[in-house]
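Subject: Structure for you to look at

Hello,

Here is the structure I said I would pass on. Please open it alongside this message.

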Amino acid sequence: MAFCSPHTTASLRSPCTTIPNSGFRQNQVILFTTRSSRRSNTRHGARTFQVSCAVEQPIVIGLAADSGCGKSTFMRRLTSVFGGAAEPPKGGNPDSNTLISDTTTVICLDDYHSLDRTGRKEKGVTALDPKANDFDLMYEQVKAIKEGKAIEKPIYNHVTGLLDPAELIQPPKIFVIEGLHPMYDERVRELLDFSIYLDISNEVKFAWKIQRDMAERGHSLESIKASIEARKPDFDAFIDPQKQYADAVIEVLPTQLIPDDNEGKVLRVKLIMKEGIKFFNPVYLFDEGSTINWIPCGRKLTCSYPGIKFSYGPDTYFGQEVSVLEMDGQFDRLDELIYVESHLSNLSTKFYGEVTQQMLKHADFPGSNNGTGLFQTIVGLKIRDLYEQIIAERAGVPAEAAKV
Amino acid sequence: VAGSPSTPPELAQKVTESIKQAEETCAGDPEGGECVAAWDEVEELSAAASHARDRKKEHSDPLEEFCEDNPETDECRTYDS
């Protein structure tokens, strides 16, 4: 932490702020080596410094999900929590998969395909197969970004299926890697400050893909089914196991409020939050650690069919302690959401009603009337909180050390 | 009506072709890697088509679109104070 290498210190937009008590000019390169040397300096009454190398070392977040499962909606909700809209890099490749906002840069891990579309067909592998992906390059580049260095990242063109010339990515404050394999490679996993897995049940996935593709010429119920079936063995083997490593899992299931519902319009959504993660305090309903079922509809709140049901409680997930918050049903009106928000705790909001406000801001996004939108927004706020705590800690460590 | 009107025609055609090809490939060998890879291509192109439609939807307001190019006109000028 306390090491600022000479080249970053000398650069114009230095990530390190140096506050000398006396004597040093602002541009001077200062090298700290060990805490003991600093202490001895102080003892001899020489000089004390505060050095913080915070801003330009991004925090890295991984988001895993299958294609067509709402990653882009999640990304738009997340960037909105930090303020500002996310846009593709200006003036670059029009088919770039990257999204950049003031604080956040989102890259798509498809850009690390080692085999293009023709290559995969020749070898008979899917994009889900690790053999079709270059994890060495992924690791090197994510590591470089985390160290505050710019990278030349390839672009996988989803329209042509070819690997296009690379684009330059500058280190942002928050770097998000989204795609099929953010937690597959152990080295990449170690670099993540927070990880999320979007777990869409087969029934819902099928319903969503029908909504997405039925209008497209050539697609039929059979072709959609065949495509899901064909990809399933690779999905189960390589993608699904990553969820055990996620700090938060958003599970989307068919509703239990309507018997035999297959439409995928009313959803039961679970937010599974790992316990004991530094800087991440799970959300709870009424009383932390208890098991609670709650139907907010009643005298104070009118809900239309099929109503809303919340559940909360401790559980184990892949042998780990988790807290699970579940919402079944959908909102009709805003009163319901603010009523629900007022009964949830540890939301990491900055003011009362922030969750509701964020949801209202994007009322047109898919999932805004059910648990997917609510829990994605909550995870967004949690990531903001995590980011602020990490930055505070980085800034705090040298100051604390100086006190010793 | 030729499919979904808002998918770019070139991409829509690619989706159609990929489905046809996948069905043919899998007719011979329904379990093989080639069949699976072919359906994976269908998924990739369908996702790309859906993203392209979403992107078009963002520019669906004719006034907004006009004002992006002509911010000085009467119907587009906005003052913060």
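Below are notes on chain B as a whole, then on a few residues in both chains.

Please keep in mind that this is a predicted model.

Chain B

Chain B has three helices and zero strands, so its pattern along the sequence is α-α-α. Its C-alpha atoms fill a box of roughly 70 × 30 × 15 Å along the principal axes. Of the 81 residues in chain B, 40% are buried. Among contacts in chain B with a separation of 6 or more, 42% are between residues 24 or more positions apart.

On charge, chain B carries 22 negative side chains and 7 positive ones. The centres of these two sets lie 4 Å apart.

B:Thr16

This residue sits in helix 1 of chain B, which covers residues 9-28. Is B:Thr16 buried or exposed? Its relative accessible area is 19%, and because the cut-off for buried is under 20%, B:Thr16 counts as buried. A polar atom of its side chain lies 2.8 Å from the backbone oxygen of B:Ala12. Apart from neighbours within four places in sequence, B:Thr16 is in contact with A:Arg217 and A:Gly218.

The loop between strands 11 and 12 of chain A

A:Ile277 lies in this loop, which runs between strand 11 (267-274) and strand 12 (284-285). With a relative accessibility of 22%, A:Ile277 counts as partly exposed, because buried would require a value under 20%. The C-alpha atoms of A:Ile277 and A:Val249 are 14 Å apart, and the two residues are separated by 28 residues along the chain. A:Phe279 is also placed in the loop between strand 11 and strand 12. A:Phe279 is not a glycine, yet has a positive phi of about 70 degrees.

Other backbone points in chain A

A:Asn346 is another non-glycine residue with a positive phi, here about 65 degrees. A:Asn346 is found in the loop between strand 16 (344-345) and helix 10 (354-361) and is partly exposed, at 31% relative accessible area.

Which peptide bond is cis? The bond from A:Tyr305 to A:Pro306 is, with omega near 0 degrees. A:Pro306 lies in the loop between strand 13 (292-294) and strand 14 (308-317).

Regards

Terms used
Residues are numbered from 1 along each chain as its sequence is written. Chains are lettered from A and ligands numbered from 1 in the order in which they are written. This is a predicted model: local features need pLDDT of at least 70, side-chain atom pairs count only at pLDDT 80 or more; totals for chains, interfaces and linings use all residues. Side-chain values use heavy atoms; hydrogens and water are left out. Helices (H or I, at least four residues) and strands (E, at least two) are DSSP runs, numbered from the N terminus. Buried means under 20% relative accessible area, exposed over 50%, partly exposed in between (1.4 Å probe, protein chains only). Contact means heavy atoms within 4.5 Å. Lys and Arg count as positive and Asp and Glu as negative; His and the chain ends are not counted. The place of a charge is taken as NZ of Lys, CZ of Arg, CG of Asp or CD of Glu. A polar contact is a pair of N or O atoms within 3.5 Å; within protein, one must be able to donate a hydrogen and the other to accept it, and residues adjacent in sequence count only if both atoms are side-chain atoms.
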